[in-house]
Every structure is written in structure tokens, then in C-alpha cells.
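Here are a few notes from my read-through, in the order I'd look at things on screen. Have the model open while you go through them.

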Amino acid sequence: MDKYELLPQQLLYEGTCTEANFFEPKKPNDKYILAVHEPDYYYDLVNITLDSRAARKIGFPLSEVLVEREVIIADGTIKASEYALEHGIAMNIAGGTHHAYTNRGEAFCLLNDQAIGARYLQHKGLAKKILIVDLDVHQGNGTAEIFQNDTSVFTFSMHGKSNYPFKKEKSDLDIALDNNTSDTSYLEILKDTLPKLIDQEQPDFIYYLCGVDVIATDKLGKLGLSVEGCKERDRFVLEQCKANSIPVMCSMGGGYSADIKIIVDAHANTFRLAQDLFF
């Protein structure tokens, strides 16, 4: 949890960002959350009346503060989506809550921020076809379920084959990677896949979940990327968005290396690249 406080401090300290680059989300209108999540589930969260079994699957002790945090994260992604339309790219230092389903939460995810953002853009008429590029080490199972029958949102997840969730959902495109996949192999697969996908789907907006739990030192990941390899992953994705003039909104997602410096540096690389490529 410390990374959420340390990352903006690092970006300010090194001059990648200034105070003017940051915005503070609030609570969005419930209707944007209810466009994705079932009312019974959402209001059980808000009223802290979720049954104990469902609450255990989330992994956090359920509290009003926790639910408020998740709601504010969703607004961060909504607002970042609007900023991305204006500036080409925008970031949510939190987010990437891709294990949240329409009617339940899992694995520290209560509400699916990028799904909420996608529905918001479509509701406002700001985007029609959306591509979700989920490169967290874990499959975006909740995102896959939410959009399973919706051709207006294409879900692409490249993740560890033997990692959580052990029962995978079916994204529009899943690429399951072997343990200890190296920088070279990972980048070859990504570079062969993403340009074809963009050309095939012709999205007018991209959500990028750029979890840094793909790094070899990660406690919850089983892949073998270096910090530099993770950076090159981000570089390629952002370059593809820029080259195709597709606005991109980034949620940071997972990162659980034992050394907090590795986590912060890997996440900061995404912001450094955004600054270099878009501004």
C-alpha cells in the first residue's frame, strides 16, 4: 500500500511531474458504477451488508473507508479517461481492479475501475469501440466476465499461465505465459500481437493496465521480466497508442516486489515514458 503514497512523491522529486499535473478524484455518480455492477452487490458494499463469504473473497476487512477508497479510485479512472481524450494520455496511480465482476469482488478488487471508465465514455458518446490491454501478471477475469457478450469492448489479457486466478475466464484474447518468461520472449509476443489487434479492432480508446508484477522479483508473480524489460513493455504499448492517435488511460495495477524501491521505480517508468512520448 505504501507505493500509492511514494509514487507521486518520487515523480515530484525527480521532476517528471509537477503539482499541476495531478488531479484529485471524488465520488462519482452511482449511475456510472451501476452501469457495470449489479445494484444488489454495489449497495451491499456501500451499506457494509455483504455476506461474510462474499466479503472473504475480496480479501480485505470490509469497511466504509475501504468502499469509499474504491469508489474514489473509480472516479480517478473516469476523470483520467476524460483527460486522456484531451491530452492523449492520463494515469491513475491506483486502479487496475480487474478481478471485480459484475456481481462480486475478488482478490482485493471491489469495483472494476476500467470497466466503469469504459462504460462512462460510451454513455457520454466519447468513445464507441474500446480496447482493454491488460498486462498485469494476473488474468483480468472480472473484466472478461463484464464484457463477455459485448463486442464494443475488446478484452486482451496477457498473463501468467499458472498464476491466480486458477480458474480463468475467457477474454476476447488471452495469452497465457509460462513461468519465468524472459524479457525477450515477452516482448516478442507483445510486439507480434498488439499492432495486429489495433489494426483488427480499430479502437478509438485504449485502457492499459500496466501492472509491474511481471517483474522477476515480484512475490505474487511468476514471470521473469527485468525492470528494464517492464519499461520496454510500457514503451511499446504507449508508442502504439501514440502512433495510431488513440487516447490511452493507464491504471497502475499490481506490484509486490519485496523491495519497495523496485515497485516505485517500475511504476515511475510508466510516467516517465508518458512524459517523454506525449509531452
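This is a predicted model: local features need pLDDT of at least 70, side-chain atom pairs count only at pLDDT 80 or more; totals for chains, interfaces and linings use all residues.

1. Sorted by class, the contact of H1 with H10 has 8 nonpolar, 2 polar and 3 charged residues.

2. Now zoom in on two of the charged residues there. Arg 272 and Glu 14 join their side chains in a salt bridge, 2.8 Å from N to O. Arg 272 sits in helix H10 (residues 260-278) and Glu 14 in helix H1 (residues 3-14), so this pair ties together parts of the chain that are 258 residues apart in sequence. Glu 14 has 30% relative accessibility and so counts as partly exposed.

3. Arg 272 has another partner to check. It also forms a salt bridge with Asp 265, where the closest N and O atoms are 2.8 Å apart. Asp 265 is partly exposed, at a relative accessible area of 32%. Put together, Glu 14, Asp 265 and Arg 272 are linked in a network of salt bridges.

4. Next, a different spot. Arg 119 forms a salt bridge with Asp 150, and their closest N and O atoms are 2.6 Å apart. This pair links distant parts of the chain, 31 residues apart: Arg 119 is in helix H6 (residues 113-123), while Asp 150 is in the loop between helix H7 (141-146) and strand E3 (153-160). Is Asp 150 buried or exposed? It counts as buried, because its relative accessibility is 16% and the cut-off for buried is under 20%.

5. H6 also packs against helix H5 (residues 64-87), at an angle of about 50° and with the axes 8 Å apart. So H5 is oblique to H6, and their crossing is right-handed. On the H5 side the contact is made by Ile 73, Ala 74, Thr 77, Ile 78, Ser 81, Glu 82 and Leu 85; on the H6 side, by Asp 113, Gln 114, Ile 116, Gly 117, Tyr 120 and Leu 121. By class, that is 7 nonpolar, 4 polar and 2 charged residues.

Notes
Residues are numbered from 1 along each chain as its sequence is written. Side-chain values use heavy atoms; hydrogens and water are left out. A salt bridge is a side-chain nitrogen of Lys or Arg within 4 Å of a carboxyl oxygen of Asp or Glu. Helices (H or I, at least four residues) and strands (E, at least two) are DSSP runs, numbered from the N terminus. Buried means under 20% relative accessible area, exposed over 50%, partly exposed in between (1.4 Å probe, protein chains only). Axes are lines fitted to C-alpha atoms, for helices over the stretch in contact, and angles run from 0 to 180 degrees between N-to-C directions. Angles under 35 degrees count as roughly parallel, over 145 as roughly antiparallel, 65 to 115 as roughly perpendicular and the rest as oblique. A crossing is left-handed if the near helix is turned anticlockwise from the far one by less than a right angle, and right-handed if clockwise. Contact means heavy atoms within 4.5 Å. Ala, Val, Leu, Ile, Met, Phe, Trp, Tyr, Cys and Pro count as nonpolar, Asp, Glu, Lys and Arg as charged, and the others, Gly among them, as polar.
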